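Subject: Structure handed over, with notes on what was found

Dear colleague,

Please find below the structure that I promised to pass on to you. Have a look through it first, and then read the notes that follow.

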Amino acid sequence: PITKKGSSNLTKLVETEKILEHPNMYKGKVQELKETVEIPELSKQYRDSLKEFIVDYYYKGYDLGEMDIYIMQFNLAELSKVSRKKIMEILIERNLMEMVYPHIAKYGYESIKVSLLEKLCVELVKEPEFDKNEILIEMCAESFRNGCRDENVLKFLGKYYDSGSLELYQMFLAVQSRNINDNTLAEKLLVQLIFEGSVDKSIYEIYEEYIKGPTSSVIRKAFYTYVSYNYFVKNIPCPDSTWDIMQQDIKDGTEVTVISKIGYLSHVIESEHVTQEQIETSKKLMSQLAKKNIVFEFYKKFNKWYKIPFNLLDKTIIDFRTNPKHRVDITYEIKNQEGKTGKVTEEMGSIYPGIFSKEVIMFYGEEIDYSIKEYSNEYPEGKVVDNYSVRISEKNAYNDESRFGIINSMMICKALGE
């Protein structure tokens with residue numbers, strides 16, 4: 001028997017069975033169901049199954065909003081997984097967000113309806129106490145994957161969510177599409193792309209969006225360093241707009257890194273149209289680099305706009321760019337009217353990680369033949385990667401204001417019979 005005795009209890013059970021059989025016909029009967037559950041003589045099995053029914057009764061809205069507090073008194077640990085999920089969704093539906101969170105933290109959010117999970121996230125991100133909350137961060141990320149584009153949720157993810165660049169980029173596009181004035185996600189994405197070594201052109205678009213808001217000088221300098229290194233050492237194109245932005249930053253007093261200065265100079269000399277501002281900026285940067293003896297052969301091309309440091313025109317500078325972990329040797333010989341000097345092999349010095357250089361003093365009419373050999377794990381015995389010749393002609397030797405320039409001037413005059 002279900003009960004030991006009592007006609008009143010039996011009557012309650014009979015009425016309850018009717019509700020169990022046709023719940024849609026007996027709406028608003030929470031009080032009756034509650035009284036039946038509280039009958040002491042019920043078997044545990046029946047009481048448990050009745051509680052599961054009551055949860056479903058609420059879930060389907062048959063309670064008609066009566067006795068909301070009753071469902072909140074249920075011990076979720078005593079219910080099935082399905083009923084726990086239903087109670088959590090009921091609490092969200094009724095905007096009892098802070099009440100549902102402890103259950104979410106304990107039992108998880110994976111089975112919660114997509115729309116209700118989004119509703120929960122939208123409300124919780126407004127509360128300061130949930131800042132940096134790892135569970136909420138994951139919930140918001142999951143909600144984003146399911147289509148949530150709420151402004152506050154996106155800002156929350158921008159501050160606290162760490163992921164790969166692909167997912168962060170999707171979030172960045174969502175921020176753009178909503179015209180949200182917040183660049184924390186753009187900053188996080190830039191850092192991630194640099195960390196991953198990405199060379200996708202989207203990085204430039206992201207940076208241009210980033211600088212529309214408050215920025216970090218550290219991030220700006222890191223970005224310039226990264227794209228300049230890729231441009232100069234790895235020969236990866238960089239749009240003109242990026243160099244223009246860097247140029248303005250330099251003009252405003254930002255101190256950029258060595259490789260950023262090198263990259264900028266290289267870009268200017270390779271440009272079809274060079275502005276007066278670029279000429280002035282390049283002069284300033286070249287002077288700074290030359291003082292540190294960071295010089296390249298292409299610097300000489302700037303001589304058509306301004307006088308470059310004397311010591312640059314006196315030298316032939318050979319550089320090679322590769323993996324900074326590799327060793328690079330140069331074998332060369334200089335030829336002049338009296339013959340050859342004989343081959344010399346030297347290890348090229350590194351003036352910046354990945355950039356190796358050799359300076360040679362040459363005079364008018366002399367020619368240098370050289371080859372470069374690179375050593376790596378793949379080629380432990382070395383691999384010849386470059387063969388080239390450079391001849392000092394009138395065009396690239398004449399600089400009568402330097403000590404070697406005077407000698408070259410005399411040699412040119414002699415060759416011309418003057």
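Glutamate 374 is buried, with a relative accessible area of 12%, where buried means under 20% relative accessible area, exposed means over 50%, and partly exposed lies in between, using a 1.4 Å probe and protein chains only. Before going further, please keep in mind that this is a predicted model, in which local features need pLDDT of at least 70 and side-chain atom pairs count only at pLDDT 80 or more, while totals for chains, interfaces and linings use all residues. Residues are numbered from 1 along each chain as its sequence is written, and side-chain values use heavy atoms, with hydrogens and water left out.

To return to glutamate 374, this residue lies in strand E7 (residues 367–375); helices (H or I, at least four residues) and strands (E, at least two) are DSSP runs, numbered from the N terminus. Leaving aside residues up to four places away in sequence, glutamate 374 touches several others, among them Phe320, His326, Arg327, Tyr379 and Lys383, where contact means heavy atoms within 4.5 Å.

Next come two pairs of helices. Helix H2 (residues 30–37) packs with helix H3 (residues 44–59) at an angle of about 165°, and their axes are 10 Å apart; axes are lines fitted to C-alpha atoms, for helices over the stretch in contact, and angles run from 0 to 180 degrees between N-to-C directions. H2 and H3 are therefore roughly antiparallel, since angles over 145 degrees count as such, those under 35 as roughly parallel, 65 to 115 as roughly perpendicular and the rest as oblique. On the H2 side, Val30, Leu33, Thr36 and Val37 take part in the contact, and they meet residues of H3 including Leu50, Phe53 and Ile54. By class, the residues of this contact of H2 with H3 are 8 nonpolar, 1 polar and 2 charged, with Ala, Val, Leu, Ile, Met, Phe, Trp, Tyr, Cys and Pro counted as nonpolar, Asp, Glu, Lys and Arg as charged, and the others, Gly among them, as polar.

H5 and H6 pack at an angle of about 150°, with 8 Å between their axes, which makes H5 roughly antiparallel to H6. The contact is made by Arg84, Met88, Leu91 and Ile92 of H5, together with residues of H6 that include Met97, Val100 and Ile104.

Which residues are buried in helix H6 (residues 97–107)? They are Met97, Val100, Tyr101 and Ile104, and they lie on the same side of H6, because they cover an arc of only 115° around the axis, the arc being that of the directions from the helix axis to the C-beta atoms. The buried residues of H6 pack against helix H5 (81–93), helix H7 (114–124) and helix H8 (134–145). H6 is followed by glycine 108, which has a positive phi near 95°.

Some loop residues also deserve a look. Most residues other than glycine have a negative phi. Asparagine 95, in the loop between H5 and H6, has a positive phi of about 60° although it is not a glycine. Asparagine 293 also has a positive phi, near 60°, and lies in the loop between helix H16 (276–291) and helix H17 (310–313), where it counts as partly exposed at 39% relative accessibility.
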